Amino acid sequence: MNDLRKHLSTCLLATAAMLAGAAPAWAQIVPSLNSASSFAALAGGPAAGAVTCTNSTVNGDVGVVPIGTVVQTGCTITGAVVTDATAAYADFIYAYKQFESISCDQTLSGTLAGVTLPPGVYCFPAAATLTGTLTLDGPADGVWIFKIGTGGTGALTGTNFSVVMAGGAQEVDCPNVYWWVAEAATLTTSTFRGTILAGADITVTGGTFKGDAMAGGKGTAVTPTGAVTLTGSTITACSAPGGTVTHAKLKCNQGVGNGPEACDPGNSNQDDHGTAYPFGANSNDEVDGVPGNPGRKGGNGK
């Protein structure tokens, strides 16, 4: 009987260890923008100047919700100007809520200058102020989703910010890159890629934007909101094909004291020297911890 118990205990421990060490991934279909996907710029309004285009070029369709209007000054729009894009706006705000519910793989911080990221879902709990060059390296069907303001508030600000595709993704005219923003998005002299789904307004000054600019995700069909303002810029509609985003279930250190920051993989990375960048400010492990040591429960001084 004792031998049987020992055998069963060994098997149970081995199974538990195997399950604990597993790092499976799960997939999620990217929310569809449906009729909203055909617009280079889409805004809820509802006031005059829902889309204001000054000394800019828009390669694609522009849409507003009545009574919103499109104001053009030295502006070239190669596509259609749709003055009643109510259905498209409804599709946008529905997709906006779906993107909001997508879970995060990694928490980011900093400007992202010089950072290279594989496909995944990346989140800023609050505002994101970006500059420099961000490289997105992955296959042609890779999906990158950035969420700014997952804590409830937060704007996206990009200044001299460039998004560069690498790997198979650089061969795709419209790669799967999405930027969900809790509040407003402001881009200045940037070379931007991806579709912005902003809760409030979108302002683009100078630079180029290849993707779709959708403003007013926090609005409703009854109370539409959001404006797109383009000044001295070029925006080219680029509807991403959609697909499936694969979430990596990161293997976690099982010791007491590990925090939820995308699962600290056994590296005590709170050293007050910024080595956690760009994946969150610090973990709850002790200062200058040793890799594999989960740290103190509750963090420093506990």
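A disulfide joins Cys53 to Cys75, with an S to S distance of 2.0 Å. It is one of 3 disulfides found in a search of the whole structure, which is a predicted model.

**Cys53 and Cys75**
- Cys53 lies in strand β3 (residues 51–54) and Cys75 in the loop between β6 (70–73) and β7 (76–77), so that distant parts of the chain, 22 residues apart, are linked.
- The torsion about the S-S bond is about 85°, and the disulfide is therefore right-handed.
- Cys53 is buried at 1% relative accessibility, and Cys75 also counts as buried, at 15%.

**Cys104 and Cys123**
- The sulfur atoms of Cys104 and Cys123 are joined in a disulfide at 2.0 Å.
- This pair links Cys104, in the loop between α2 (86–100) and β9 (106–107), to Cys123, in strand β11 (residues 120–124), 19 residues apart.
- The link is left-handed, with -90° about the S-S bond.
- Cys104 is partly exposed at 38% relative accessibility, whereas Cys123 is buried at 1%.

**Cys174 and Cys238**
- Cys174 and Cys238 form a disulfide with an S to S distance of 1.9 Å.
- Both cysteines lie in loops, Cys174 between β14 (156–166) and β15 (176–181) and Cys238 between β23 (234–236) and β24 (244–248), 64 residues apart.
- Because the torsion about the S-S bond is about -125°, this disulfide is left-handed.
- Cys174 is buried, with a relative accessible area of 13%, and Cys238 is buried at 5%.

**The chain as a whole**
- Of its 302 residues, 44% count as buried.
- Among contacts between residues at least 6 apart in sequence, 58% join residues at least 24 apart.
- The accessible surface comes to about 13300 Å², and carbon and sulfur atoms account for 58% of that area.

Notes: Residues are numbered from 1 along each chain as its sequence is written. This is a predicted model: local features need pLDDT of at least 70, side-chain atom pairs count only at pLDDT 80 or more; totals for chains, interfaces and linings use all residues. Side-chain values use heavy atoms; hydrogens and water are left out. Buried means under 20% relative accessible area, exposed over 50%, partly exposed in between (1.4 Å probe, protein chains only). Contact means heavy atoms within 4.5 Å. Accessible areas come from the Shrake-Rupley method with a 1.4 Å probe; for residues, only the protein chains shown count as cover. A disulfide is a pair of cysteine sulfur atoms within 2.5 Å. Helices (H or I, at least four residues) and strands (E, at least two) are DSSP runs, numbered from the N terminus.
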